[in-house]
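Biologist: Before I rely on the labels attached to this model, I would like to go through what stands behind them.

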Amino acid sequence: MTLSSFLIALLFGLTAAAVAAACTQFIRDYVPVSSRLLRFKVHIAIAGLFGLMTPIIAHHPAEFVGFLLVGVGCSLLIVVDVAVHRLPDRLVTATFAGLLLPLCFAAAAEQHWVALGRALLISLVLVAGYFILALITPAGLGLGDVKFAAVMGLFLGWFGWSEMLIGTVLGFILNGLAALALLIRHRQPRTQEVAFGPSMVLGAILALIIGQ
């Protein structure tokens, strides 16, 4: 990595962290003030990491904006999901819109209509798939996860079908490992489900890294 690319990545990381800090109030509506996640500003750190990654996967100014916003949105959703096992509709919808609108601009500017159409199709496919799984195993997946699948589908679908498949599979694997780790740690079955949102996001990131 050259010095200029490092500085650009750092700039995006700081920008994403600043935006996440400004959005702290949105998660205070859901997360208790006493939560360690809130006290240690975990969402700011996560957003900063997303920002650092943005220059690696973005190639158009609109993509930079969309990926930065989806990173901030995911950082807020991760904290809320881990803290209270919820993926609020308001945050999910804002994250989806924050990604979709810039991608529409990128598609228009670069004639990437095929990529946009594929992303929207994959988003619908993932939502349908997650909805069926939620009906089959309601204890494992909630409707919040189903709605959040639209965001992950749009994000991964912009890159391709293989990224979606890899990211989705990795998400389930990571969630299973997290559940197993908690089971081993507490040495007894747990009645509370493991937050699935963080695994979905990490699976998507790993899919893009593998695809680079």
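Modeller: Leucine 7 lies in helix H1, where a helix is a DSSP run of H or I with at least four residues, numbered from the N terminus. This is a predicted model, in which local features need pLDDT of at least 70 and side-chain atom pairs count only at pLDDT 80 or more, while totals for chains, interfaces and linings use all residues. Residues are numbered from 1 along each chain as its sequence is written, and side-chain values use heavy atoms, with hydrogens and water left out.

Biologist: What makes Leu3, Phe6, Leu7, Leu10, Leu14, Leu49 and Leu52 a nonpolar patch?

Modeller: A patch takes residues with over 30% relative accessible area and no salt bridge, and joins nonpolar side chains (Val, Leu, Ile, Met, Phe, Trp, Tyr) within 5 Å; these seven are therefore called a patch, with about 680 Å² of accessible area together. Its largest share, five residues, comes from H1.

Biologist: Why is the crossing of H4 and H10 called left-handed?

Modeller: The term applies if the near helix is turned anticlockwise from the far one by less than a right angle, and the axes of H4 and H10 cross at roughly 35 degrees, coming within 12 Å; the crossing is therefore left-handed. Phe50, Met53 and Ile57 of H4 make the contact with Val201, Ile205, Leu208 and Ile209 of H10, contact meaning heavy atoms within 4.5 Å.

Biologist: How many residues of the contact of H4 with H10 are nonpolar, polar and charged?

Modeller: Seven are nonpolar, with no polar and no charged residues, since Val, Leu, Ile, Met and Phe are among the types that count as nonpolar.

Key. Patch = residues over 30% accessible without salt bridge, like charges linked within 9 Å, V, L, I, M, F, W, Y side chains within 5 Å. Areas by Shrake-Rupley, 256 points an atom, 1.4 Å probe, with all protein chains shown as cover. Salt bridge = Lys/Arg side-chain N within 4 Å of Asp/Glu carboxyl O. Helix = DSSP H or I, 4+ residues; strand = E, 2+ residues; numbered from the N terminus. Axes fitted to C-alpha atoms, helices over the stretch in contact; angles between N-to-C directions.
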